[in-house]
Amino acid sequence: MTSRRTLLQGAVLGAATALLPTAARAATAPAAGPVLRLPAPTGPHPVGLRTVHLTDPTRTDPWEGGAREVMLTVLYPARDVQGRPRVPQLTPAAAREFADLAPLVHPGLPTPGTVDWGAVLTHGHLAAPPLPGRLPALLYSPGGGDSRTLGTSLAEDLAGHGRVVVLVDHPGDASQVDLPGGMRDTVLRGEPDPATFRTMIDTRVGDLRLVLDRVLGDGLAGLPPATTAGIYGHSAGGTAAVSTAHADRRVRAVANLEGYLDLDPLDGFDRPLLLFRTDGFDGADCLTRSWAGLAGERALLAGSGHWAFTDYAALVPALQAAGLVTSATRAALVGTADPAARLAALRRRLRGFFDAHTGCARSARR
């Protein structure tokens with residue numbers, strides 16, 4: 001099915017993993033190259049960061065068996081970050097995996113040993129003390145085959161404006177997840193068949209509802225329970241986000257960043273919905289058909305490709321400026337728009353949507 005193929009372009013990460021010889025996957029010291037930087041958040045608050053591992057004993061992992069596990073990055077407005085170092089976007093082990101996989105998934109990205117992906121820093125400060133009081137929460141589900149870390153720039157900005165933002169990895173689906181028990185690669189091998197896709201989305205919905213239980217229950221990562229919760233997701237993550245909201249009325253609002261919505265009927269869907277797409281997505285016709293009949297705000301990210309909703313939007317232009325990717329690769333992945341202007345527009349639209357429907361620190365602190 002065409003929409004599934006486009007939706008899950010990231011799923012070929014699994015095929016890439018299968019093709020990598022052992023020698024190619026060995027740790028390689030990156031050559032001298034550009035120092036890649038993520039865009040700084042714009043909010044009034046510095047950002048704290050904590051990493052959380054959850055186990056759900058009520059669910060069996062459909063890919064490996066055993067209790068279902070998820071890994072989370074929790075970003076939040078911090079009271080003080082003095083003496084708290086900024087956290088790398090990837091752990092050393094995850095950076096090595098990513099360096100091997102990236103040019104196979106997206107031909108034209110730099111080959112292993114060219115870029116030190118492990119040197120990319122977030123703007124999250126390790127275990128910084130949070131602002132006092134309860135805050136609204138947002139959950140993020142990444143694109144099919146992607147890891148949660150590719151959603152860092154948007155999440156940091158949302159957190160700096162007064163929310164708890166939880167980036168959710170979906171092990172078995174995500175490219176690589178650095179679990180306490182070791183690195184776990186994707187099980188996907190090429191395009192998933194309908195049954196695999198069904199399992200993938202159902203598993204993601206279960207993961208997101210587990211995180212909702214914690215965020216709205218006793219709180220997560222030592223933070224107080226959230227006042228409200230919303231969800232946003234990219235591509236397959238957008239599908240999972242809307243499916244979760246349809247199944248769980250605790251979700252106040254949902255933003256779908258270029259994800260298809262033809263997996264299940266959404267009759268009666270009545271939560272605030274933002275449907276955001278790019279003008280460079282090759283599945284645009286199927287996408288808009290899958291959104292037909294849904295009440296919600298429509299938004300367009302101009303001059304952009306499918307991965308402009310992720311951190312590739314900033315990283316790929318920097319790689320092009322360093323002579324490490326071509327203009328064609330940049331255009332195919334993220335489009336040709338000015339990165340700073342595009343990111344500012346995307347951040348404003350998401351903040352405005354969630355401000356209106358889930359609140360922020362200015363209105364929700366108690």
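**View 1. Overview of the predicted chain, with 11 helices and 12 strands.** Helices (H or I, at least four residues) and strands (E, at least two) are DSSP runs, numbered from the N terminus. This is a predicted model in which local features need pLDDT of at least 70 and side-chain atom pairs count only at pLDDT 80 or more, while totals for chains, interfaces and linings use all residues. Residues are numbered from 1 along each chain as its sequence is written, and side-chain values use heavy atoms, with hydrogens and water left out. Of the 366 residues, 57% count as buried, meaning under 20% relative accessible area with a 1.4 Å probe, protein chains only.

**View 2. Strand β1 and its two partners, β2 and β4.** Strands β1 (residues 47–60) and β2 (residues 67–77) run antiparallel and are joined by 11 bridges, two strands being paired if DSSP finds at least two bridges between them. The hairpin that they form has 6 residues between the strands, and Gly65 in this turn has a positive phi of about 80 degrees. Strand β4 (residues 121–126) runs parallel to β1, with 3 bridges joining them. Leu49 stands opposite Leu75 in β2, and its bridge partner in β4 is Leu126.

View 3. Met71 counts as buried because its relative accessibility is 6%. Leaving aside residues up to four places away in sequence, Met71 touches, among others, Thr51, Val52, His53, Leu167 and Val177, where contact means heavy atoms within 4.5 Å. Arg148 is also touched by Met71, and although these two residues are 77 residues apart along the chain, their C-alpha atoms are separated by 8.7 Å.

Methods
Buried means under 20% relative accessible area, exposed over 50%, partly exposed in between (1.4 Å probe, protein chains only).
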